Amino acid sequence: MITLAQYLKRSATYKLFTTLFSEVVMFLDTIGGIIQLGIHFISRIFKDGISGKELAAQCERFGISSLPITLSIVGMTSIIVSSQVANEMVKQGGADFVGMLMTILIVREVGAVMSGFAITSMIGSSLASELATMKVTEQIDAIDVLGVDSVGHLFIPRVLSGILMMPVIVLIASFVGVLLGALTSNLFSGLSYRAYFSSVWLGLYMKDFWVSLLKAATFGGTIALISCAFGYNAKGGAKGVGIATTQAVVWSFIAIVIWDMVFAILFFF
Amino acid sequence: MSIEVKNLIKKFDDKVVINDISFHVNNGEILAIVGFSGSGKSTVLKIISGLIPYDSGEILTSDGDIAMVFQYSALFDSLNVFDNISFALQERKDLKHKYSMKDLQKIVAQKLELVGLSGIENKFPSELSGGMQKRVSFARAIVTNPNTILYDEPTAGLDPMSSTLIEDYIVRLKNETNSASIVVTHQMSTITRTADRVIMLYDGGIVFEGTPKELLKETNPYTKQFVTASLDGPMQLKA
């Protein structure tokens, strides 16, 4: 004879709710851990200062080494979008607005979001695996034992380089995206460069420009912080490095989309 | 007295891994902590070095740094030997503006000479053998002239000759620095060749305390099982 409590515990509904509850707890725990490391990182900036040499090295890694892949992804997205949009708009008599539409799309969304995804794949995964490897080989413990704060030492240059370099990347990528939009519209839809560029300025406001840069800086800092946090908290051996890297990429993608939504609601709603 | 541990207790969740242990190490003395895998040896070192917190007890140390040599060296693979050894002097808040580049070069050269590896400042860890990496990690540990040095299985993964060399350097560093040293090991040669005293841990508690000679006498059922590496005895290996 089993009691009601035992019966309920065996039910599928109970198992579903306990699984959901543990997933929610794990989710909140992860966010809490990232925020905690973020606060620690900020406090260390004031305590330790910033090493210019290390920051420059990380800026080079974040900005210069990632530029080819970022430009490729943003550029190809622009080509795909403009090849489909321009043709239809020309047919419908909206040729004068192709440049405007592409500019709004690229400056407000495509430039920052696609760059964010590219940077996550290339730099975020590299940061997470680097720190995770350091963690599982006790290099991070060695930093702490030597009397240096490991969060400050590792996070400050990496996260700051994300905040500083991402706007630069997005600016260049958006510029290239708008240019490729013009080229594609011309090649596929016969739209003149003059018609395209004369409407570019109709869709480009200073607000779009600044919001895009602010969004880029937020994306850059978030990608670097999440990637460093997952790497820093890695456990186990090679498997732990793999798990940390995957989690860093997935969480960075989710964070980019959430931030994008927040920016859209705050500035364009 | 350089380091004294009193009634140390550490739990992971509800499991007690260090159960009320006390010991001390004097300056110029080497204490070996031995025991089977999972007995809590490395946990004790990590607690003393401040890497993990403890639940209750006391750890008293003389003024000065505590250095640690890690099981697999834990050298920073993106830095060369010079930057590895001088890391604390270049990055630690209270030290980083104290030394000029010339001073750093001199200090690193001295420490490398002490571990018998002069002239390898520009090499990266990946270019060194396991034994050399271990000796570089010794040099990195002593760069701030610590008064306590912790060694976590210093001869793990090394061939017998390299192990002997490492054991000699542990003794040499103790003599040169007059530091209190704690060596976590389960290798008999490391115990007999380096330690002045030995404590043996099992299930988080101390089951033997004495000299290496007393350990080898096998009068204690725990030490007898350890020395003979027998599966029969009071200690059960956890699968």
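Predicted model: local features only at pLDDT ≥ 70, side-chain atom pairs only at ≥ 80, totals over all residues.
Let's start where the chains meet.

Now for the inside. The largest nonpolar core has 128 residues, and A:Ile226, B:Ala32 and B:Met200 are among those with the most contacts inside it. Helix α5 (residues 98–136) of chain A gives the most to this core, 19 residues. Domain 1 (1–40 + 49–63 + 192–239) and domain 2 (65–146) of chain B both give residues too, so the core lies between them. As for B:Met200, its contacts beyond four places away in sequence include B:Val34, B:Phe208 and B:Tyr222.

Chain B also has an open sheet of three strands, with antiparallel pairing in the order β2-β1-β4. Here is what the strands look like one by one:

| Strand of chain B | Residues | Note |
|---|---|---|
| β1 | 3–12 | pairs with β4(B) over five bridges |
| β2 | 15–25 | edge, a single partner strand |
| β4 | 56–61 | edge, a single partner strand |

Because β2 and β4 of chain B each have a single partner strand, one side of each is left without a neighbour in the sheet. Neighbouring strands are turned by 20° against each other on average, direction ignored. Zooming in, B:Ile9 has B:Ser56 in β4(B) as its bridge partner. Finally, helix α1 (residues 41–48) of chain B lies across β1, β2 and β4 of chain B, running at about 115° to β1(B).

Notes. Residues numbered from 1 in each chain as written. Chains lettered and ligands numbered in written order. Core = buried A, V, L, I, M, F, W, Y, C linked by C-beta atoms within 7 Å. Buried ≥ 20, exposed ≤ 12 C-beta atoms within 10 Å, placed from the backbone. Helix = DSSP H or I, 4+ residues; strand = E, 2+ residues; numbered from the N terminus. Domains from an automatic or database assignment. Contact = placed C-beta atoms within 7 Å. Pairing = 2+ DSSP bridges. Axes fitted to C-alpha atoms, helices over the stretch in contact; angles between N-to-C directions.
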